[in-house]
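Here is a request for a brisk structural report. Look at the sequence and the model first, then read on.

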Amino acid sequence: MNRKSLGIYIHIPFCVRKCLYCDFVSGPSTPEIQINYVNQLKKEICRTSNGNIVDTVFIGGGTPSVLDVNLLEEVLCKLKETFCLVPECECSIEINPGTVDYDKLIKYRKMGINRLSIGLQSCNDNELKALGRIHDCKTFEETYFLAREAGFDNINVDLMSSVPEQTPESFSRSLRKVAELNPEHISVYSLIVEEGTPFYDMELKLPSEEEERLIYHKTGRILREYGYEQYEISNYAKKGRECRHNIRYWQCEEYLGFGVAAASYRNGVRWKNTVDLKRYLGAELEEPMENSFYEEMEYLTEKDQYAEFMFMGLRMNSGISKETFRKRFGISMEEIYGDVLEKHIQNGLLERAEQSIRLTERGRDISNFVMADFILLE
Ligand code: SF4
């Protein structure tokens, strides 16, 4: 039996309503759809397992907190029945302000959920309205304090920069307001306007690249004042409170995803479930999985795996350990990437730190440019 530890991602595609910038697989649901979805999830979990040890679980969406709490419990029970969750397993759930009450939060804790990720995005109500969010800042604060009251001592708050109506000053105010609440973790992503979303067809006043960079640097400076360390391009945490599940992705460790649009990575193969909810609900999960169940399936060559390991690992401030690279691939990083490493060390975009290679601050500003250099041509 393969006892390598795994991370598990569970996608809950339900939301109260769609935000104007959202291109995730998510939308409103009915009680009947939720029941059918959870039945499918349980079947998918059962059929995939081989008794692996699991040390991180992430329930994302959508807004998983709109799922009926008893249905969520059924999913977690099935997970525990089928996999071997270690006692110190990090188990996170994404919630939105206003979608939980005290009783629900207590039930989450009883089920073993020990980390909350609250989707706030901004403390400015005009910006929240412009994004089409369902909540205001006061509702967020109520949810945050309820979570503390219910005993959650590991909370992330998501913020968004470069949103319409936002100024560098209003962004700083949001950031400080959140930092003053002292959550263990803060994520700051900048808005990306995706095709197919209402934002794509709207005339939006968005900051220039230069302004975005200023906001990015300011984010690091402000959060350092409050005792947060940046450990990844968009993520900041108090010491020891980094998100272990996400680190698994950046270190190219294996994970299984369950639910519509969920992605998995195992044994050098990456696949993604169908993004079509109807198709997911109708899939015959007792039978060998029909091809249409998958949206994508990719067999990574050795060269793909080297490249992915480099550009995912460079997202992290600690960089990539040479020893880990050698252990993973049986060859040294220098043998594969000696010239590229030397070039970017010379031009100040990469640096050596003890036994690791990492991006410099300037390198982080143009990380896509550096990372593209690690893709190896056949
Ligand atoms: S809450 Fe999140 S997943 Fe749901 S519509 Fe808004 S951005 Fe999308």
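Leaving aside neighbours within four places in sequence, which residues is N235 in contact with? They are H185, I186, S187, Y189, E229, Q230 and W250. Contact means heavy atoms within 4.5 Å.

This is a predicted model, in which local features need pLDDT of at least 70 and side-chain atom pairs count only at pLDDT 80 or more, while totals for chains, interfaces and linings use all residues. Residues are numbered from 1 along each chain as its sequence is written, and side-chain values use heavy atoms, with hydrogens and water left out.

N235 sits in strand β8 (residues 235-237). Helices (H or I, at least four residues) and strands (E, at least two) are DSSP runs, numbered from the N terminus. N235 has a relative accessible area of 0% and is buried. Buried means under 20% relative accessible area, exposed means over 50%, and partly exposed lies in between (1.4 Å probe, protein chains only). The N235 side chain also makes a polar contact with the side chain of S187, at 2.6 Å. A polar contact is a pair of N or O atoms within 3.5 Å; within protein, one must be able to donate a hydrogen and the other to accept it, and residues adjacent in sequence count only if both atoms are side-chain atoms.

S92 belongs to strand β3 (residues 84-95). S92 is buried, with a relative accessible area of 0%. Beyond its neighbours within four places in sequence, S92 is in contact with V57, F58, I59 and R115.

**The domain interface**

The domain assignment gives domain 1 (6-249) and domain 2 (303-372). Such bounds come from an automatic or database domain assignment. The centres of domain 1 and domain 2, taken over C-alpha atoms, are 29 Å apart.

How many residues of domain 1 are in contact with domain 2? The count is 10 residues of domain 1, in contact with 9 residues of domain 2. About 900 Å² is buried between domain 1 and domain 2, and carbon and sulfur atoms give 51% of that area. Buried area is the accessible area (1.4 Å probe) that two parts lose on being put together, summed over both.

Between domain 1 and domain 2 there are 5 residue pairs in polar contact, both residues at pLDDT 80 or more. On the side of domain 1 that touches domain 2, α7 (209-225), β7 (229-232) and α8 (244-250) each supply at least two residues. By class, this side of domain 1 has 5 nonpolar, 3 polar and 2 charged residues. Ala, Val, Leu, Ile, Met, Phe, Trp, Tyr, Cys and Pro count as nonpolar, Asp, Glu, Lys and Arg as charged, and the others, Gly among them, as polar.

The count of salt bridges between domain 1 and domain 2 is 1. A salt bridge is a side-chain nitrogen of Lys or Arg within 4 Å of a carboxyl oxygen of Asp or Glu.

**Salt bridges**

A search of the whole structure finds 18 salt bridges. Some of them are listed here.

| Salt bridge | Closest N to O |
|---|---|
| R315 and E232 | 2.5 Å |
| K322 and E334 | 3.2 Å |

D55 is partly exposed at 22% relative accessibility, whereas R248 is buried at 6%.

K322 pairs with E334 in another salt bridge. K322 lies in helix α11 (residues 322-329) and E334 in helix α12 (residues 333-346), so the pair ties together parts that are 12 residues apart in sequence. E334 counts as partly exposed, at 32% relative accessibility.

D373 is partly exposed at 27% relative accessibility, and K343 is partly exposed at 43%. Salt bridges that share partners join R270, E298 and E308 into one network.

E342 is placed in helix α12. At 33% relative accessibility, E342 is partly exposed. E32 is placed in helix α1 (residues 31-48). E32 is exposed, with a relative accessible area of 57%.
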